[in-house]
Amino acid sequence: MFKHLKQLTSLVAMIAVVFAFTTEAMAKKSKTLKNTQKKGFVRCGVSQGLPGFSNADASGNWTGIDVDVCRAVAAAVLGDANKVKFTPLSAKERFTALTSGEIDILSRNTTWTLSRDADIGLTFVGVNFYDGQGFMVRKSSGITSTSQFKDGISACTNIGTTTELNMRDFFNSKGIKYEPVAFEKADEVVAAYDAGRCDTYTTDKSGLAAQRTKMKNPDEHIVLPETISKEPLGPVVRQGDAVWEDIVRWSLNTMIEAEEYGITSANADSMKTSDNPAIKRLVGAEGEMGAAFGLDNEWNLRIIKQVGNYGESYKRNIADTGILPDRGPNQLWTKGGILYVPPAR
Amino acid sequence: MDNRGIDFGFGFLKQEASFDMQFTLLDYDGQDSYAWAYVVALLNTLLVSFLGIIFCTILGVIIGVARLSQNFLIRNSAAWYVEFFRNIPLLLQIFFWYYAALRALPLPETAEPWFGVTYMTIKGYYIPSMIWENLNVFLSCLIAAIVSIIFIRIYARKLQEREGKQLPVFYISIGLLIILPLLSFLIGGVKLDFELPVLKQLAQTSFIFEGGIALPPELIALVVALSLYTSTFVAECVRAGIQGISKGQKEAAASVGLNPNQILKLVIMPQALRIIIPPTTNQYLNLTKNSSLAAAIAYPDLVLVFAGTALMQTGKAIEIVGITMLTYLTISLSIAALMNWYNKRIEIKEK
């Protein structure tokens, strides 16, 4: 009898321990999510001003497709796309700010590379813009292709970016001697190039298009047709919080998939009664799509209603501002681009 | 750090840096290691600090003495200079010199030569480079000249102590410095050629100078800004030092028959230096540390290259910032040690 009681108590104790562990594991699931909900805002690292991607206007309102990723996450986890605290970061500061816990999402036109993903405690969650590095020159120089570059050319760029490395690979492979002039802030690069310090300005092509609008006389400059690298830009989170990583990844995916199914901020509510189950899942009318993240069922509906789908975000920030009216590779796979996200189901 | 997924270690120093630098004193290529990039960037920092210290001292002494001038115009211009340059934040001054100079300087194709063979352009200051033959012969002559000057000085001092005679040491020194190197050209087979910068067309409206030495505008702007800013503080130290010597000293020196030149050299300066050196050391340290503002205008110094690009590419924030801090600490302590040694040498030796 006593023997059995002992077994019983140990069984109860074991169950209690297992239960305690699982509940603790569940509670621990996303520390970042818990902290964010406690604080009441999403902490988001952005650029110091790149039109179309992340740029603040005179009254401090941030806009851009990178900004919209953070807004989408805020809409999903807090219910309000405006509950975001933006921290402008230089290229140099960005990863340290994320790994040290100063921000929870880095959405700052950051190129996804192996060494960044693997080495420095970061995890890339997806791509919100497919880009490539290019060169800008003065029209008056008569240069129309990088094949006309000659020894002694000076190139302005930013420090701490993949740009600096690509530039070296490019000039070395062509056997051209060049003078790299690398600044810490993009505004300083533009000012120096605009003043005539450098013959060419090199960075991601979207960046060139955006910075051109800041120059004294934008029509005097052209972006050369060659693209010298792959630059998939996307949001980044800290390693070690898989649930938070999933929330950010699927917030971005939701925006892209919503465009695929024609769900916009205007018609999202009416889509709840759609016949297509895929659409119904995307607006929270079917399935349990939020539970695994610790969110309610309408988290994705809020993203679409408050921020819009990817196409709306692109049009509002990049096409209508005249930066890159043509979507190029950043078009849906169904329309000849390479935007293709896993299904939400 | 484990929580954040960061690992700690200095192994990255051996990895290939794979970025280029605009301006280096030693050979550097992207294939070299991060450790070598560190050395090259450190040298760039030391170069700027060294040039800055030399120029700010020269300017500071001139301005400091000018502030005590009897001439109203000189005295007041010097005062205005000091108040103007020391009260504007240094970073702004650096931006001013860099961007103002960039806007004002001509493009290479329109640049007028300075002194016939040098060109000041937006892309840099181009000067002829020297091509030596038998450089070591010339250098040994130069060293011989310096060594003999030191001996002559020692001899002259002894002579004065023993017999009261004064040798014209200054003129002898100048003569030796000119004649010995000159002899190396005439007899020693030393040859010196100049490689002049030549304009080269890169594209329709894009030119550059080739050959010679190119000093980048970033270096020039930084040295100018640092020297002007720090020279105001040095000038105040110099003024304080000279004013700290009582008038009686000067009058006493005059009464024993010393001429004004001797009064300054033998009586005022040795005492004034004791007051000037310690605060001036502070200014040298400030200048060295301020040189890290180079990062703002693309001069590849330690902060821009090592604590900037290298940090970014490796993600080793703690290691790199640690190394950088230690480096600045070491530079500062070395300068302080050197100045303290000099201070010890000139202070009053009480018995």
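The following conversation covers a predicted model with chains A and B.

Visitor: Before we start, how are residues and chains labelled, and what kind of model is this?
Guide: Residues are numbered from 1 along each chain as its sequence is written, while chains are lettered from A and ligands numbered from 1 in the order in which they are written. The model is predicted: local features need pLDDT of at least 70, side-chain atom pairs count only at pLDDT 80 or more, and totals for chains, interfaces and linings use all residues.

Visitor: How many residues does each chain bring to the contact?
Guide: Chain B brings 33 residues and chain A brings 38 residues. Two residues are in contact if their C-beta atoms, placed from the backbone, lie within 7 Å.

Visitor: Which elements of chain B give two or more residues to that side?
Guide: They are α3 (90-104), β6 (198-203), β7 (206-210) and α9 (302-314) of chain B. Helices (H or I, at least four residues) and strands (E, at least two) are DSSP runs, numbered from the N terminus.

Visitor: And which gives the most?
Guide: That is α9(B), with five residues.

Visitor: Let us turn to sheets. What is the strand order in the open sheet of chain B?
Guide: The order of the four strands is β1-β2-β3-β8, with antiparallel pairing. Two strands pair if DSSP finds at least two bridges between them.

Visitor: Which strands are at the edges?
Guide: β1 (113-114) and β8 (213-215) of chain B are the edge strands, since each pairs on one side only.

Visitor: How many bridges join β2 to β3 in chain B?
Guide: Three bridges join β2 (residues 118-121) to β3 (residues 124-127). Y125(B), in β3(B), is the bridge partner of M120(B).

Visitor: New topic: where is A298(B)?
Guide: A298(B) lies in the loop between α8 (260-290) and α9 of chain B. Phi of A298(B) is near 70°, a positive value in a residue other than glycine.

Visitor: Is A298(B) buried or exposed?
Guide: A298(B) is buried, because there are 30 C-beta neighbours inside 10 Å. A residue is buried if 20 or more other C-beta atoms lie within 10 Å of its own, exposed if 12 or fewer, and partly exposed in between, with C-beta atoms placed from the backbone.

Visitor: Finally, what does E245(A) touch?
Guide: Not counting residues up to four places away in sequence, E245(A) touches T123(A), V125(A) and V237(A). E245(A) belongs to helix α9 (residues 242-260) of chain A. E245(A) counts as buried because 21 other C-beta atoms lie within 10 Å.
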